[in-house]
Amino acid sequence: MNKLFLITSFIIFTGAQLCSCNKANDEITNKETPEYKTIFEDNFDQTNRTPDTTKWVVCKKGSSAWAKYLSESFDQAYVENGKLVVKAEKIGSTYKTGGIETKKKFQFTYGKVEVCARFYTAKGGWPAIWMMPIDGTGGWPACGEIDIMEQLNHDNFIYHTIHSYYKNTLGNNYPTPTLKANYKVNQFNTYAIEWNSDKIIFYVNGLITLVYPNLKLNDEAIKKQYPFNKDFYLILNYALGGAGTWPGEIIDSELPAKMEVDWVKVSQKQ
């Protein structure tokens, strides 16, 4: 095994070390460089309340904890003041959560994904920026999942996580598949990955927080350690938990809660 892969780096950064993701001033993110070419971008600079339907569709309700309360409506996923808002709320006796995704609109293999977002927390809240494969052959978790950012309740840290058969089913925790990283609470942060056939590098505000390498196992076809060599699409949502879920109990008085997304960009090496 290459010794470089033994360095599964993670660094917890203090708020003072973190940088802004302001569209005009950021020196690290949201800028095209000669090395990278933008292949997808949305700055949400529009007057129409509905997100651009050439790029996004609403997430569909499902049996998974994150999808249980999805409204399948732009009432909980809309554009306001130049930002995407995905909201979790209770209307009457019904929880309704918002989410949009690029499924069947835009998918890609490898590149840099950057999302500038802030969220307003609530007990039971669960904002997320993540990716799933278009081809779900083998089912979850064998098909793979890349969680660029997830946040729970009132935590002052976020999670980066990958899911795979190797990690979830076989229980292998090397290389490190998940990590907590600090963020600037109640402020915009840039959450990002750089993804290629060798590794996935996670960032918060331009600073490396986690590296997940492809071990290139001889028995990869069986263990499925790196099911990330295929097309994925992007998901932005604000879920609610509940009894028996990862976030746990929902406190109704703390709703509505929301995540605002200032911009999204995907770029690839030329």
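Biologist: Why is R118 called partly exposed?

Modeller: R118 has a relative accessibility of 22%. A residue is buried under 20% relative accessible area, exposed over 50%, and partly exposed in between (1.4 Å probe, protein chains only). The value for R118 falls in between, so R118 counts as partly exposed. The model is predicted: local features need pLDDT of at least 70, side-chain atom pairs count only at pLDDT 80 or more, and totals for chains, interfaces and linings use all residues. Residues are numbered from 1 along each chain as its sequence is written, and side-chain values use heavy atoms, with hydrogens and water left out.

Biologist: What makes the contact of R118 and E260 a salt bridge?

Modeller: The N to O distance between the side chains of R118 and E260 is 2.7 Å. A salt bridge requires a side-chain nitrogen of Lys or Arg within 4 Å of a carboxyl oxygen of Asp or Glu, so this pair qualifies. R118 lies in strand β6 (residues 111-120) and E260 in strand β15, 142 residues apart, and the pair thus links distant parts of the chain. Strands here are DSSP runs (E, at least two residues), numbered from the N terminus.

Biologist: Is E260 buried or exposed?

Modeller: E260 counts as buried, because its relative accessibility is 9%. K258, at 25%, counts as partly exposed. K258 also forms a salt bridge with E260, the closest N and O atoms being 3.4 Å apart.

Biologist: How many salt bridges does the structure hold, and which residue meets K269 in one?

Modeller: The structure holds six salt bridges. In one of them, the side chains of K269 and E35 meet at 3.2 Å, N to O. This pair too links distant parts of the chain, with K269 in strand β15 (residues 257-269) and E35 in the segment before β1 (36-42), 234 residues apart. K269 counts as exposed at 54% relative accessibility, whereas E35 counts as partly exposed at 43%.

Biologist: Why is strand β8 described as largely enclosed by the rest of the structure?

Modeller: Six of the six residues of β8 (residues 145-150) are buried, so the strand is largely enclosed.

Biologist: How do you know that β8 pairs with β7 and with β9?

Modeller: Two strands pair if DSSP finds at least two bridges between them. Four bridges join β7 (residues 125-133) to β8, and four join β8 to β9 (residues 157-163); each count meets the criterion, so both are pairs. Strands β7 and β8 run antiparallel, as do β8 and β9. I129 stands opposite M149 in β8, and E145 has H163 in β9 as its bridge partner. The hairpin of β8 and β9 has six residues between the strands, and N153 there takes a positive phi near 50°.

Biologist: What is the volume of the largest pocket, and which residues are closest to its centre?

Modeller: Its volume is about 610 Å³. Of the 26 lining residues, S64, W66, W130, M132 and E145 are closest to the centre. A pocket is an open set of points on a 1 Å grid where a 1.4 Å probe fits, with protein on both sides within 12 Å along at least five of seven lines, and lining residues have an atom within 4 Å of a point. Strand β7 gives the largest share of the lining, four residues.

Notes:
Points joined across faces, edges and corners; volume = space filled by probe spheres on them.
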